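Please consider the structure shown below. The paragraphs that follow lead from the whole chain to its parts.

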Amino acid sequence: MLKRLKKNSFLVFVAIVYIGLFAINGEKAILSIKNSGYYIKEMLTVMPLVFLLTALIDTWIPQETIMDYLGDESGLRGSFISIFLGSVSAGPIYAAFPVCKTLLQKGASISNIVVILSSWAVIKIPMLANEAKFLSPKFMAVRWIFTTIGIIIMGYMVSKVVKRDDIPIEEKAIELGKILIKEEYCIGCGICAKMAPEHFKIENNKAIIIDENIHGEIDGDVDKAEQKCPTKAIEVGRAKEFESDIHREIIEEG
Ligand code: SF4
């Protein structure tokens, strides 16, 4: 029971806020519940379509394509594609989160995810059309230019602060002392097999693990392969206290 409450701590928090609101002002609490009900109803109509879209992206768009067009190396081209994707999208902003999470899992960069979300929120095409009609085309064009520049800069800044590891993505739990390859991330570049051939080999354009056990507390070759893997597909189950030492050593070695 306690575990369940902990897992749904946000819902518990909302319930406590409602109880508090009822105690202070019953009328406002009822109004608030009605508003929440309206948004829940709206979400129930929108979200099935969004989940269908995420499933299609996941199934039909190869990881290499997403990494090529929206990945860390996609540069300004990736930013403009992200602006386009955000601008032509339909639906409320909360629909963008599951889509962006799927793109992130398939290799899109943090900065491009910020650009998609921001474009989705503030420069959607129907919004621009209305803006031009009510506030003049000149107003719309100037705002679009400055907003676009701002969004790209913001994406860059967020990517410097927020790292992929900061974002909760459901993955297989990794055991201490074991190696895991996130298969969907692997592009079969072969770097791991070159750096740690006793642990990895390439088959059918994917890395597979020959020996999943780390021998000793630190296995340098595996750590280097983990660091050099361009898609961060390799994970090593190690005690937390070793992680900072390993990363420092690798950075010092260059
Ligand atoms: S280095 Fe990474 S992406 Fe390249 S083959 Fe190994 S696991 Fe796959």
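Two residues are in contact if their C-beta atoms, placed from the backbone, lie within 7 Å. Among contacts in the protein chain between residues at least 6 apart in sequence, those joining residues at least 24 apart make up 69%. The model is predicted: local features need pLDDT of at least 70 and side-chain atom pairs count only at pLDDT 80 or more, while totals for chains, interfaces and linings use all residues. Residues are numbered from 1 along each chain as its sequence is written.

The protein chain holds 12 helices and four strands; these are DSSP runs numbered from the N terminus, with helices being H or I of at least four residues and strands E of at least two. Of its 254 residues, 23% count as buried. A residue is buried if 20 or more other C-beta atoms, placed from the backbone, lie within 10 Å of its own, exposed if 12 or fewer do, and partly exposed in between.

The buried residues of α5 are Gly78, Ser79, Ser82, Ile83, Leu85 and Gly86. They lie on the same side of α5 because they cover an arc of only 165° around the axis, the arc being that of the directions from the helix axis to the C-beta atoms. These buried residues pack against α4 (63-70), α7 (110-122) and α9. On the other side of α5, Leu76, Arg77 and Val88 are exposed.

Between α8 (125-135) and α9 (137-161), the loop contains Ser136. Although not a glycine, Ser136 has a positive phi of about 95°. Ser136 is exposed, with 11 other C-beta atoms within 10 Å.

Strands β2 (residues 200-203) and β3 (residues 206-209) pair in the antiparallel sense over four bridges; pairing requires that DSSP find at least two bridges between two strands. Ile202 has Ala207 of β3 as its bridge partner. The two strands form a hairpin with two residues between them, and Asn204 in the turn has a positive phi of about 50°. Asn205 also lies in the loop between β2 and β3, has a positive phi of about 60° without being a glycine, and counts as exposed, with 11 C-beta neighbours inside 10 Å.
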